[in-house]
Amino acid sequence: MTRSLVLGGKGFIGSHLVDALLGRGDQVICFDRPHVSPLAPTSAAPRDRLEVIEGDLLCEADIAEAVQGCDACFHLVSTTLPKSSNSDPVFDVESNLIGTLRLLQHAVAAGVRKIVFISSGGTVYGPVEELPIPETHATNPICSYGITKLAIEKYLNLFHRLHGLDYCILRVANPFGERQRVDAAQGAIAVFLGKALRHEPIEIWGDGSVVRDYIHVDDVVSALLAAQTYRGDDKVFNIGSGCGLSVSEVLAAIEDAIGSPIQRRYVEQRCFDVPANVLCIEKAIRRLGWSPKVPFHEGLRRYVRWLRDQMPAVSARRAA
């Protein structure tokens with residue numbers, strides 16, 4: 001039985017991954033910050049195969065405890081966002097890069113066999129020179145978030161060379177789907193849907209022509225599972241849908257999914273937004289044996305149904 005540690009296991013992607021690992025038969029350690037409520041109940045797997053640990057990535061004692069006896073570690077934790085990371089790059093480095101270095105040191109000491117790390121397909125490349133973007137594209141991030149992600153990638157390679165710690169990096173596009181919080185500051189689909197369902201105007205930076213690659217959370221999780229079992233020499237993979245949608249196209253799809261028009265408010269373009277970002281996923285298809293299965297419009301409809309089921313409960317909690 002594989003013993004898998006999920007850092008950020010109560011979060012959006014992490015909670016789906018915990019369920020998938022339990023469904024696969026793994027022993028799972030779900031690690032997250034204290035007082036973070038799970039986004040959804042975990043699957044009905046036997047309780048003796050799920051352990052929940054509350055801790056902090058920056059606390060060496062917490063991390064040392066979490067990695068003990070683990071075969072694989074999925075690193076899904078980030079304390080910053082692309083749009084806010086430039087305001088305090090020191091915090092970004094201290095909380096993400098330094099914390100990850102301590103994790104790698106303890107993983108080596110504990111005999112962890114593999115680290116699977118979610119990097120950022122949307123920020124590590126920076127200004128785009130070719131579309132779709134291959135893994136060999138230049139990496140010139142224009143926000144601290146992307147620089148830190150890239151630095152973690154480099155340290156994973158260093159620890160592999162120095163200590164034999166195996167790893168796999170997934171440069172994920174823009175994930176969306178069930179359990180993603182609509183009141184958070186990250187995730188365009190979630191923010192747009194939340195405002196649309198509350199009949200609030202949606203703020204658009206620029207003219208709506210910015211193009212991004214959106215991928216459903218189920219496809220992200222299947223890529224994480226494929227990365228954990230992959231034994232080849234390639235270490236970095238783009239994970240996306242393989243096609244792009246403009247903000248205007250996304251808003252039109254949301255109107256279709258919810259069956260009503262939405263209000264738009266256009267504001268000045270943000271300085272760190274590149275005009276287009278679409279990932280080439282051919283290497284993941286060839287090497288990982290993975291490909292996206294959930295079309296955008298189907299994933300959007302699933303997410304809308306889930307949100308509508310959740311919104312009465314959310315409203316009741318706010319009223320209380």
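Which residues of α3 are buried? The views below start with that helix. The model is predicted, with local features shown at pLDDT of at least 70, side-chain atom pairs counted at pLDDT 80 or more, and totals for chains, interfaces and linings taken over all residues. Residues are numbered from 1 along each chain as its sequence is written, and side-chain values use heavy atoms, without hydrogens or water.

**View 1. Helix α3 and its packing partners.** Helix α3 covers residues 89–110; helices (H or I, at least four residues) and strands (E, at least two) are DSSP runs numbered from the N terminus. Its 22 residues reach 30 Å from first C-alpha to last, close to the expected 32 Å. That expected span is 1.5 Å times one less than the number of residues. Buried here are Asp92, Ser95, Asn96, Leu97, Gly99, Thr100, Leu101, Leu103, Leu104, His106 and Ala107. Buried means under 20% relative accessible area, exposed over 50%, and partly exposed in between (1.4 Å probe, protein chains only). The buried residues of α3 pack against β1 (3–7), α2 (60–67), β4 (72–75), β5 and α4. Glycine 111 follows α3, with a positive phi near 80°.

**View 2. The largest nonpolar core.** This core has 38 residues. Such a core is a set of buried Ala, Val, Leu, Ile, Met, Phe, Trp, Tyr and Cys residues joined through side-chain atoms within 4.5 Å. Leu17, Leu170, Leu224, Ile239, Leu288 and Trp290 touch the most other members. Elements giving two or more residues include β2 (27–32), β6 (166–172) and α6 (217–229). The largest share, 8 residues, comes from α6.

**View 3. Isoleucine 239 and its contacts.** Leaving out residues up to four places away in sequence, isoleucine 239 touches, among others, Leu170, Val172, Ala223, Leu288 and Trp290. Contact means heavy atoms within 4.5 Å.

**View 4. Two positive phi values in loops.** Most residues other than glycine have a negative phi, and most peptide bonds are trans. Arginine 179 has a positive phi near 80°. Arginine 179 lies in the loop between β7 (174–176) and α5 (188–197), and is buried at 13% relative accessibility. Histidine 199 has a positive phi of about 60°. Histidine 199 sits in the loop between α5 and β8 (202–205), and is exposed at 60% relative accessibility.

**View 5. A cis peptide bond.** Leucine 131 and proline 132 are joined by a cis peptide bond, with omega about -10°. Proline 132 is in the loop between β5 and α4.
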